[in-house]
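Visitor: I would like to learn how to read salt bridges in a model like this one. Could you walk me through it?

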Amino acid sequence: MKVDVEKVYFSYASKTVLKDISFHVSYGEIVCIVGPNGSGKSTLIKCMGSLLKIQSGRVLIDGVDAGRLTPAVHARQVGYMAQTQAPCFSKTVFDTVLMGRRPYSSWYSSRKDIQMVAGILEQMGLAQIALEKVNCLSGGQRQRVFMARALAQEPEILLLDEPTSALDIAHQLDTMDMVYSLSRTQKISVVMILHDLNLAARYADRIVMLHQGKVHIQGDARQVFTSCNMKTVYGVTARIQEQDGFVSILPVKRCNSDAFPISKQGEQSVQM
């Protein structure tokens, strides 16, 4: 599905968090939202998921205002994974993922629901712990469980808030490879927040960089990740280079600071 974010404003009480945010997501596209802490990333993705009511502007899903969709229709179209989860009840991994089938089920789960959940657990590497309690798992395992629950909704749009933050490097790549495959084979449109800029550069079709609640720049990795943008938005000097066809970002030091420089050569950023 195609998503259009049009001139979105959002405030918490008297504090304006999002200011005139506009961008689009095409069918099967991966868009990564990046920016420093406090730039409005999580608020934006909650507005896109209709978890927060925007004060001005709109989010369109295939031309329809998302705020006007019924909860059931919205849940079938949009899967959302939060950055942090509320304390879990003592549910098993299987039952937690099965909750993602609720938009399609009544009081009882169908054979299709059971089979789909079993397949997703296998795909996510969770089959061996399917009967374990979620509140007894590690942070990384829980993160994969909640990703699986979002996938169980069969969404056409997937909203992910830092889906790799608690994962080790191997599972980060596994998760990102799976998301990339879903976007290509099933044409799922993906919007995700990532703090790991190198993962964003590697997997995103397009990157939206936020700064102080506004879109600072959007484009591909080569357009967005420049030494100038890193200095303006993150306040760091960075070495930007290309390896194996991907842009890589190596932070060197905070601007106007001599603390812990990587090397004298590293102080001079490489402009893309």
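Guide: Happy to! Keep in mind that this is a predicted model. Start with a network of salt bridges that links Arg101, Asp113 and Glu154.

Visitor: What is the general idea behind such pairs?

Guide: Side chains of opposite charge can pair when their charged atoms come close. Here, the closest N and O atoms of Arg101 and Asp113 are 2.8 Å apart.

Visitor: Are Arg101 and Asp113 buried or exposed?

Guide: Buried means under 20% relative accessible area. Arg101 has 2%, so it counts as buried, and Asp113 is buried too, at 3%.

Visitor: How many salt bridges does the structure hold?

Guide: Eight. One of them joins the side chains of Glu6 and Arg58, at 2.8 Å from N to O. Glu6 is in strand S1 and Arg58 in strand S4, so the pair ties together parts 52 residues apart in sequence. Glu6 is partly exposed at 28%, and Arg58 is partly exposed at 38%.

Visitor: Which residue does Asp20 meet in a salt bridge?

Guide: Lys7, at 3.9 Å from N to O. Asp20 is partly exposed at 35%, whereas Lys7 is exposed at 53%.

Visitor: Where do those strands sit in the sheet?

Guide: The sheet is open, with four antiparallel-paired strands in the order S2-S1-S4-S5. Strands S2 and S5 are at the edges, each pairing on one side only.

Notes. Residues numbered from 1 in each chain as written. Predicted model: local features only at pLDDT ≥ 70, side-chain atom pairs only at ≥ 80, totals over all residues. Heavy atoms only, no water. Pairing = 2+ DSSP bridges. Helix = DSSP H or I, 4+ residues; strand = E, 2+ residues; numbered from the N terminus. Salt bridge = Lys/Arg side-chain N within 4 Å of Asp/Glu carboxyl O. Buried < 20%, exposed > 50% of the residue type's maximum accessible area, 1.4 Å probe, protein only.
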